[in-house]
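Student: I'd like to learn how to read a model like this one, feature by feature. Could you walk me through it?

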Amino acid sequence: MTAVFYLVVALSPLVGMVLARQARADDDRDLLLGALIVQGVLAIPMAVAYVTAGVLVIIWTWRARKNTDAFPGALPTLGAGWAIAGWLVPFANLAVPARVVANVARDSLWRRFTPGPVSPPGPPEAGGTIGA
């Protein structure tokens, strides 16, 4: 569905350009206004999709962080409230969400000490390990 929104929004400047050229050729200001309205209306579904995706990511981050409280031995460094506030606080939103997700990944491994940065396991032929 998002791909359709991208396609519509990507093609809307072309529609606007065609309508603007036609308005210039016909000296019709109403057609030019119509082109502007069409472009604005076509951008609304994309804006709705972006806002919806952002809200769902924030909810997922909070739920994932809250789930780590059920793991024995999990010692998260940030409270569950930071899973939400980390996205909304200026400048903190550049680091806090990544830190929350890294803590969730680290606490989900069921190991007390995780050496180095946490990264997803890759296929054995790429040098990664599965289930390690």
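Predicted model: local features only at pLDDT ≥ 70, side-chain atom pairs only at ≥ 80, totals over all residues.

Student: How many helices and strands does the chain have?

Tutor: Helices (H or I, at least four residues) and strands (E, at least two) are DSSP runs, numbered from the N terminus. Here there are four helices and zero strands, so the pattern along the sequence is simply α-α-α-α.

Student: What share of the chain's residues counts as buried?

Tutor: Buried means under 20% relative accessible area, exposed over 50%, and partly exposed in between (1.4 Å probe, protein chains only). Of the 132 residues, 17% count as buried. As for contacts (heavy atoms within 4.5 Å), residues 24 or more positions apart supply 45% of those with a separation of 6 or more.

Student: At what angle do the axes of α3 and α4 cross?

Tutor: Two packed helices are described by the angle between their axes and the distance between the axes. Axes are lines fitted to C-alpha atoms, for helices over the stretch in contact, and angles run from 0 to 180 degrees between N-to-C directions. Helix α3 (residues 81-88) and helix α4 (residues 96-107) cross at roughly 155 degrees, with their axes coming within 8 Å. Angles under 35 degrees count as roughly parallel, over 145 as roughly antiparallel, 65 to 115 as roughly perpendicular and the rest as oblique. That is why α3 and α4 are called roughly antiparallel.

Student: Which residues make that contact?

Tutor: On α3, Trp82, Ala83, Gly86 and Trp87; on α4, Val96, Pro97 and Val100. By class there are six nonpolar, one polar and no charged residues. The classes are nonpolar (Ala, Val, Leu, Ile, Met, Phe, Trp, Tyr, Cys and Pro), charged (Asp, Glu, Lys and Arg) and polar (the others, Gly among them).

Student: Which residues form the largest nonpolar core?

Tutor: In soluble globular proteins, nonpolar side chains tend to be buried together. A nonpolar core is a set of buried Ala, Val, Leu, Ile, Met, Phe, Trp, Tyr and Cys residues joined through side-chain atoms within 4.5 Å. The largest one here has five residues: Leu78, Ala83, Ala92, Val96 and Val100. Beyond its neighbours within four places in sequence, Ala92 is in contact with Gly86 and Pro97.

Student: Where is the salt bridge?

Tutor: A salt bridge is a side-chain nitrogen of Lys or Arg within 4 Å of a carboxyl oxygen of Asp or Glu. Searching the whole structure turns up one, and it joins Asp69 to Arg65, with the closest N and O atoms 2.8 Å apart.

Student: Is Arg65 buried or exposed?

Tutor: Arg65, in helix α2 (residues 29-67), is buried at 7% relative accessible area, whereas Asp69 is partly exposed at 45%. Not counting residues up to four places away in sequence, Arg65 touches Pro76, Leu78, Gly79, Ala80, Ala83, Val100 and Val104.

Student: Where is Pro76?

Tutor: Pro76 sits in the loop between α2 and α3 and is partly exposed, at 27%. Leaving aside neighbours within four places, Pro76 is in contact with Arg65, Asp69 and Asp107.

Technical notes
Residues numbered from 1 in each chain as written. Heavy atoms only, no water.
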